[in-house]
Amino acid sequence: MRSILSSVGAVVVCLVAGSASANSTGMPGRSGKQSVSCTASGCHGGGASAPTVTLEGPSALTAGQTGNYSLVITGGPGVKAGMNVATDGVAGATLTAGSGTKLMNGELTHSLPKAFTGTTARFDFSLVAPATNGTLKVFAAGNSVNGDTQATGDAHANATLDVVITGGTDPVVPDPDDQKDEGGCSATAGAPLLGAVFAVLAARRRRRAS
C-alpha cells in the first residue's frame, strides 16, 4: 500500500500531470538552472519525441524596463503543456506571472496544465530588468504530455535566453589598490613620524654639545 501511495504522490507533484490530474499546480526547480530536469526527477519520460522549446522576447533591456516574453512549446505528444522559468539570480531581476502561470520561490510555473492549440502551447510572462548592467540569463523548461495520467509517453526540452542589461550602474569591481594593510604602517604615514624622531634626536645632540 505504501508503494502505491508513493507512486500516486509522485505523479501528482509532477511538473505536468495528465487529464485526470489536471489540478497539478506546477513545480519550481526544473528550469535547467539547477541541472534538474522533469525526466531526471521521474515525473515524465518514456521515449516520446521531444518538443521544441523556445523563449521569445527582447534580448536587451534598459535597467528597470519591463520586457514581455513567451515560452513556446511545439510538438512532442502535444496534448497538454507545463513550464518552469527562472533567472540566474541577478539581484533586482523580477519575473511576473502571466495568464496560466504563477510565481513560486522566485520562479514561474504553470497554475494548471495548458491544452495545446494545434501543435503549440504558449505561456506569456514578463521580466523587470535589474538596476545593474550585465547579462541576465533566463532558463526555461517546457513539457509536452499525452494526458494519460501516466509518467510515460511524455517529453520535455529546455531553452535559455541571454538578456543584456544597459543604462544602469556598472557592477562594482574591487580595486586592489584600495586594500589597506590594517595594523601596519604605510610609507606615506611613516615618513612624517620618522622625520619627527630625527628632529628630536638632533635637538638633543645640540643641547649636549652646548
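Predicted model: local features only at pLDDT ≥ 70, side-chain atom pairs only at ≥ 80, totals over all residues.

Q: Let's look at Ser70. Where is it found?

A: Ser70 is in strand β3.

Q: Buried or exposed?

A: Ser70 is buried, because its relative accessible area is 9% and the cut-off for buried is under 20%.

Q: So which side chains does Ser70 join in polar contacts?

A: There are contacts to Arg122 at 3.4 Å and to Asp124 at 2.5 Å, side chain to side chain in each case.

Q: What else does Ser70 touch, not counting residues up to four places away in sequence?

A: With that exclusion, Ser70 touches Thr54, Leu55 and Glu56, plus the run Arg122, Phe123, Asp124 and Phe125.

Q: Switching to hydrophobics: how many residues are in the largest nonpolar core?

A: That core has 26 residues, and Leu71, Val85, Phe125 and Leu127 have the most contacts inside it.

Q: Which elements give two or more residues to it?

A: The list is β1, β3, β4 (80-87), β9 (120-128), β10 (134-145) and β11 (155-166). The most comes from β11, with five residues.

Q: Tell me about β4 then. How many of its residues are buried?

A: Eight of eight, so to speak: β4 is mostly covered. Lys80, Gly82, Asn84 and Ala86 point one way, while Ala81, Met83, Val85 and Thr87 point the other way, and all are buried.

Q: Which strands do bridges join to β4?

A: β10 is joined to β4 by eight bridges. Two bridges join β4 to β8 (residues 114-115), and two join β4 to β7 (residues 107-110). Each of these pairs runs antiparallel.

Q: Which residues are the bridge partners of Asn84?

A: In β10 the partner of Asn84 is Ala141, and in β7 it is Thr109. As for β8, Lys114 there is the bridge partner of Ala81.

Q: One more residue, Gln34. Where does it lie?

A: Gln34 sits in the loop between α1 (2-12) and β1. At 34% relative accessibility, Gln34 counts as partly exposed.

Q: What does Gln34 touch, leaving out residues up to four places away in sequence?

A: Gly29 and Glu107. The side chains of Gln34 and Glu107 also make a polar contact of 2.9 Å.

Q: And how far apart are Gln34 and Phe139, in sequence and in space?

A: Gln34 and Phe139 are 105 residues apart along the chain, and their C-alpha atoms are 9.6 Å apart in space.

Definitions and conventions:
Residues numbered from 1 in each chain as written. Heavy atoms only, no water. Helix = DSSP H or I, 4+ residues; strand = E, 2+ residues; numbered from the N terminus. Buried < 20%, exposed > 50% of the residue type's maximum accessible area, 1.4 Å probe, protein only. Polar contact = N/O pair within 3.5 Å; in protein donor to acceptor, adjacent residues only side chain to side chain. Contact = heavy atoms within 4.5 Å. Core = buried A, V, L, I, M, F, W, Y, C linked by side-chain atoms within 4.5 Å. Pairing = 2+ DSSP bridges.
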